Amino acid sequence: MNKNQPEILVSICCITYNQEPYIRDALEGFLGQETDFAYEILIHDDASTDGTGEIIREYESRYPDRIFPVIQTENQYSRGVTNISGTWNFPRARGRYIAMCEGDDYWTDRTKLQRQVDYMETHPDCSLCFHSARIEVQGRALTERRMRPYRGSRKILPEEIIDKTCGYPTASLLFPRTMVEHLPDFYVRAPIADIPLQLMAAARGWAYYMDRPMCVYRLGGASSWTSLMKQGDYEKKQRDYARAMKAMYRGFDAESGGRFHKTVIRAMKRLVYLTKVNTRQYNVVLDKKYRSFYKELNLRTRFFIRLEILAPGVYRWLWRIFHRKPREKE
């Protein structure tokens, strides 16, 4: 690196694929950060077939000292390379910290990075800093409008990170780069990247949650992991996902020397339970032995589960009304 260039404090790591309608928002959110430190933007595009790559190249030409893309000509995920961040972005990161954001999400607060880095710099034992998010629905879906894991900013203990009732927004995660210098097998083999990252942070220390919505999580984008999961044999995909995630949790349990064994077991059970909710296996969902997990579901979800069981005709009618495409204007 040129000695005249400032030290990079944060490496923003972004992966994208076929996210042409969204990638500009992500890039503008990165570039709009107001900080007293230098940061870099590392993007991996997995051979998008739309205009995503062209947009990234456009921004690279405008900000060559800040944006550093890898634009594939062959899709790596289809070749079996599922650990995209760990293979292509983490190894080239120069920052003391890594901030995550996928190409269909975006940051909305210009002070996000500064706030998180300020906290991490004054709390060296903290291994993860994250915050709440707004949810922006693509298409139609009945869901919460905020991803808010906790009520109020506070320290999060390792056990809480492992066994939680609400996910953490990926676009909110910031952690020390040293955490991903040597990636354990349970991370490399996991079907998703955010949860194993959080487990790695739990093994290293504790987290801090900022109860401030500083990013947007887009739900239902055409190329999002959630949307792709729903294509084809959804039940089989959910079974395969549960199997892979259980293996990931067991790997973490072994890697952490069994320090959190009881917590890990409960987290595994909740994950399997949620796949039963997703696939409408209501005989399991309503089983009394899973009562505590059922109570964790939001009121809207519980209402529609009961409605589908007790009044399936009404449920199907409401579903058709809600998902009916609006008529085009003549």
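## Cys166 and the model it sits in

At 24% relative accessibility, Cys166 counts as partly exposed. Here, buried means under 20% relative accessible area, exposed means over 50%, and partly exposed is in between (1.4 Å probe, protein chains only). You'll find Cys166 in the loop between helix 5 (158-162) and strand 10 (174-176). The numbering of these elements runs from the N terminus, and they are DSSP runs: helices are H or I with at least four residues, strands are E with at least two. Pair Cys166 with Ala190 and you get 24 residues of separation in sequence, and 19 Å in space, C-alpha to C-alpha.

A quick word on what you're looking at: this is a predicted model, where local features need pLDDT of at least 70 and side-chain atom pairs count only at pLDDT 80 or more, while totals for chains, interfaces and linings use all residues. Residues are numbered from 1 along each chain as its sequence is written, and side-chain values use heavy atoms, with hydrogens and water left out.

## Cysteines without partners

How many disulfides are there? Take a disulfide to be a pair of cysteine sulfur atoms within 2.5 Å, and the count comes to zero. Cys101 is in no disulfide, as its nearest cysteine sulfur, that of Cys14, is 5.8 Å away. Cys101 is also buried, at a relative accessible area of 2%.

Helix 9 covers residues 234-255, which is 22 residues. The expected span of a helix is 1.5 Å times one less than its number of residues. For helix 9 that should be 32 Å, and the end C-alpha atoms are 31 Å apart, which agrees.

Which residues of helix 9 are buried? They are Gln238, Tyr241, Ala242, Met245, Met248, Tyr249, Phe252 and Asp253. Because these residues cover an arc of only 135° around the axis, they lie on the same side of helix 9. That arc is taken from the directions from the helix axis to the C-beta atoms. On the face turned away from the buried side, helix 9 carries the exposed residues Arg243, Ala254 and Glu255. After helix 9 comes Gly257, with a positive phi near 65°.

Ala47 has a positive phi, near 60°, and it is a residue other than glycine. Its place is in the loop between strand 2 (38-45) and helix 2 (52-62), and Ala47 is buried, with a relative accessible area of 13%.

Arg280 isn't a glycine either, yet its phi is positive at about 60°. Look for Arg280 in the loop between helix 10 (261-278) and helix 11 (282-285). With a relative accessible area of 42%, Arg280 is partly exposed.

What is the lining made of? There are seven nonpolar, three polar and three charged residues. Ala, Val, Leu, Ile, Met, Phe, Trp, Tyr, Cys and Pro count as nonpolar, Asp, Glu, Lys and Arg as charged, and the others, Gly among them, as polar.

Is Glu7 buried or exposed? At 54% relative accessibility, Glu7 is exposed, and it belongs to the segment before strand 1 (8-16). Glu7 and Phe37 are 30 residues apart along the chain, with 7.9 Å between their C-alpha atoms.

Tyr282 is part of helix 11 and counts as buried, at 14% relative accessibility. Between Tyr282 and Thr87 there are 40 Å in space, C-alpha to C-alpha, and the two are 195 residues apart in sequence.
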